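Colleague: Pick one part of this model and take me through it slowly, please. I'd like to hear how it sits in the rest of the chain.

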Amino acid sequence: MRELNLDRLRTLVAIVDLGSFAAAARALHLAPPTVSLHISELESSVGATLLLRQRSRVRPSGVGETLVARARQLLADAEQALEEVKRQVQGLEGRVRLGASTGAIAYLLPQALEMVGQRHPGIDVQVMVLTSEETLARLSGGTLDIGLVALPQAAVDGLSVKPWRRDPVMAFVPAGWNAPRTVTPQWLAAQPLILNAPNTRLSRLTTEWFAAAGEHPAARIQLNFNDAVKSLVAAGYGATLLPHEVGQQDMGGPPADPRIAMRPLKPKLWRPLGIAHRTGEPEPATRYMLEALWALKQA
């Protein structure tokens, strides 16, 4: 059996509903021979008679009734699909797939998500915890729409990566420690450390910060979940280096943990972030999410 054509199914349903070929032709704005051709092609495709021509009305055969029932469902599904697509094109509905690190998700995304939710409630933002390398790979593969990535990044064909924020990296130490007001690589290297996993950009940044001062400390443990790292610091297990998302408490971040003291670094260290997406005009849902993220850009 060849594939069913929606136009021919629509003609079949119209004939059954209106009772004649002529009435269906008028309703569908088709020439009568075109209506007859549609039914002939359908009957040839299924290999059976679909309509019974009676004196006063055309009625479906047994096979015809089965096909008409399925045709109504297919036509309704097609209409629904078109309506959903139209709503996405108009920006009333849609899906955005976004990748970011745990820190960005915890402290930087909530305000942007709230903004999109209030202005465009039909848009579903799906967030995935990914490294910058994973994010760029998924953007290139078409399985992600927006990524928050550490900078710098090598240029990737088909992707746009622009600077977004630059947040200071700070020392997070147990509050009970006698830590200096400003933390140096030499002091921190002498302490038990909890550092980021080695496959992250933050790990490379902190390694370079220590190395510039001639320090190469070994961590007690390496993790890629900032909240877990902070929990270990609060428990007195060690100190760490993490970005401090400026204004994170104003953006709905958790209140400061009294068991943790935060100290600036000397020399200073910054964690730059960028927004990545595919080049070209984004879909409306993606554009709205990008606008919300750019609203959080630091001066």
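Modeller: Helices here are DSSP runs of H or I with at least four residues, strands are runs of E with at least two, and both are numbered from the N terminus. Keep in mind that this is a predicted model, where local features need pLDDT of at least 70 and side-chain atom pairs count only at pLDDT 80 or more, while totals for chains, interfaces and linings use all residues. Residues are numbered from 1 along each chain as its sequence is written, and side-chain values use heavy atoms, with hydrogens and water left out.

H9 itself covers residues 201-212, so to speak twelve residues, and spans 17 Å from first C-alpha to last, close to the 16 Å expected at 1.5 Å a residue (that expectation is 1.5 Å times one less than the number of residues). Its buried residues are Leu-202, Ser-203, Leu-205, Thr-206, Trp-209 and Phe-210. Looking down the axis, they fall within an arc of 160°, so they line one face of H9; the arc is that of the directions from the helix axis to the C-beta atoms. Residues three or four places apart in an α-helix point the same way, because there are 3.6 residues a turn. On the face turned away from the buried side you'll find the exposed residues Glu-208 and Ala-212. (Buried is under 20% relative accessible area, exposed over 50%, partly exposed in between, with a 1.4 Å probe and protein chains only.)

What does the buried side touch? It packs against E6, H8, strand E7 (194-196), strand E9 (240-243) and strand E11 (270-278), contact being heavy atoms within 4.5 Å.

Now the rings. The structure holds two aromatic pairs; rings of Phe, Tyr and Trp (its six-membered ring) pair if their centres lie within 6.5 Å, and planes under 30 degrees apart are stacked, over 60 edge-to-face, the rest tilted. One is Trp-177 with Trp-187, edge-to-face at 6.4 Å centre to centre and 70° between the planes. Trp-177 is in the loop between strand E6 (159-174) and helix H8 (185-189) and Trp-187 is in H8, so this pair ties together parts ten residues apart in sequence. The other is Trp-209 with Phe-210, edge-to-face too, at 5.1 Å and 70°. Trp-209 has 6% relative accessibility, and Phe-210 has 2%.
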